[in-house]
Structures are given as C-alpha cells and as structure tokens.
Amino acid sequence: FRCDFQTVSPQKAKREKRDLGLTRVYQEPKEDGKYAIGADVATGRGQDYSAAYVIDLSNMELAAEFHGKCDADVYAEQLHYLGRYYNTALIAVETGGGFGEPVIIFLRDGKEGRPPYPSQYRHRQFSRGDVPEHKPFGFPMNVKTRPLALEGLQKTIREKAFPWVTEGLLGELGTFVRRPTHPSPRAQDGCNDDRVMAVAITVELYRQYGHH
C-alpha cells in the first residue's frame with residue numbers, strides 16, 4: 001500500500017493510506033526485525049526527486065520506498081516516522097551537494113516538539129586501517145565514496161542478491177549508464193537517478209550491518 005505519515009501529536013504520527021502517498025510499503029516491519037534506510041535528497045523543486053529505501057538487514061529485501069518532491073523539513077518528518085515505523089531503523093542521509101544537511105539537522109534536532117531521531121548513520125573511513133568514524137551525521141557522497149557505493153550496487157545486481165526490486169527502481173537502473181564525458185555512471189539526459197543513488201547507499205548499509 002501507499003501512505004504518508006501525518007503528525008497527530010508532537011511525538012506521534014499515524015499512517016494514512018493514500019493512492020498517491022509518497023511512501024510505498026512492500027513489507028510491514030517484523031516485530032524483532034532490524035532495518036536501515038538510505039536516503040538521497042533533492043531540493044524539492046526542479047526535475048530531481050528525493051528517494052529513500054528501507055532494507056531488511058536479515059535478508060536484503062526492500063521493505064519500503066519513498067519517492068517524491070518535498071521540502072527538507074517535510075522530508076525529515078517523513079523519514080523520522082518511516083524510521084520509527086521500522087523499529088527505529090538506522091538512517092543514512094546523503095550529504096553530497098549540501099542538500100542533505102537541512103534534512104540531517106531536522107532529524108537531529110526535531111521540530112515543533114518532535115524529538116530528535118535517535119539512530120543516524122556516521123560514515124566510517126574503510127580505506128584506513130583504524131576505520132575511523134566521522135563525527136558528522138550522513139553519508140558523504142564524493143569522489144571516494146560514490147564508486148564504492150555504486151560498485152556495491154553493481155555487485156548486488158550481478159549476483160542477483162536482491163529478492164526483487166521495485167518497478168520505479170528497475171526503470172532508473174535501465175537508464176543509468178556510463179558516458180564518455182563522465183568517468184562515473186549517471187542518468188541519461190532527461191532521466192533521473194534518485195532511486196539508484198538511494199538504493200546504492202542502502203546496499204552499503206547492508207554491507208556494513210546486514211546478515212551475510
């Protein structure tokens with residue numbers, strides 16, 4: 001079903017099932033399940049969308065998908081309650097380009113009585129032997145981490161490790177290509193890759209925290 005989360009009190013929200021809800025729920029949370037969420041952030045305007053995936057850390061199944069255009073505070077609110085719905089899932093918000101910073105701040109500080117979200121991702125520098133953890137929240141999408149995330153996604157698809165993928169994600173994967181002018185793959189002109197980048201972060205979370 002599709003839904004949006006509607007605040008009913010400063011610390012509580014309810015799921016409202018809607019035909020055009022921005023969140024698609026494919027698997028409701030298991031009572032003792034562990035989940036993680038990878039989130040790509042757009043401006044809320046223009047051609048790009050914000051996208052996020054909830055992944056079941058026990059079997060790599062995509063439990064839910066968020067996809068839509070909204071301002072940072074609204075996106076943070078939806079991520080907060082989506083994460084809480086999935087047993088306070090670990091949330092990693094992409095920070096490349098600066099668009100993710102407001103979402104992280106709204107998650108960290110809450111808003112209008114909403115409490116801070118208690119489980120945000122801090123990136124670890126795996127190329128160093130001591131694997132230090134960064135102090136800032138979020139997944140820093142840059143020239144070092146982007147190839148790592150996309151290579152993980154490519155490996156997942158090649159090995160057919162996903163039990164299944166969503167229709168929207170499948171469509172974006174089909175137009176996510178390598179081009180002579182760019183060393184790293186990206187969306188074809190006129191296409192979007194928001195879902196691709198969100199699921200790439202989600203796969204990286206599974207690599208770090210999932211059951212293998």
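Me: Which residue in β11 is the bridge partner of Arg179?

Reply: His182 is the bridge partner of Arg179 in β11. Before going on: this is a predicted model, where local features need pLDDT of at least 70, side-chain atom pairs count only at pLDDT 80 or more, and totals for chains, interfaces and linings use all residues. Residues are numbered from 1 along each chain as its sequence is written, and side-chain values use heavy atoms, with hydrogens and water left out.

Me: How many bridges join β10 to β11?

Reply: Three, between β10 (residues 176-179) and β11 (residues 182-187), and the two strands run antiparallel. A hairpin of two residues connects them. Strands here are DSSP runs of E, at least two residues, and helices are runs of H or I, at least four, numbered from the N terminus.

Me: Now the sheet. What is the strand order?

Reply: β2-β1-β3-β6-β5-β4-β7, an open sheet of seven strands with mixed pairing. Two strands count as paired if DSSP finds at least two bridges between them. The edges are β2 (12-17) and β7 (90-93), each pairing on one side only.

Me: How many bridges between β1 and β2?

Reply: Six, with β1 (residues 2-9) and β2 antiparallel.

Me: Switching to charges. How many salt bridges are there?

Reply: The structure holds 12, each a side-chain nitrogen of Lys or Arg within 4 Å of a carboxyl oxygen of Asp or Glu. One of them joins Arg24 and Glu65 at 3.9 Å, N to O. Arg24 lies in strand β3 and Glu65 in strand β6, so this pair ties together parts 41 residues apart in sequence.

Me: Are Arg24 and Glu65 buried or exposed?

Reply: Both are buried, meaning under 20% relative accessible area; exposed is over 50% and partly exposed is in between (1.4 Å probe, protein chains only).

Me: What about Lys111 and Asp73?

Reply: Their side chains form a salt bridge at 2.6 Å, N to O. Lys111 sits in the loop between α2 (100-109) and β8 (122-124), and Asp73 in helix α1, 38 residues apart. Lys111 is partly exposed at 29%, and Asp73 is partly exposed at 22%.
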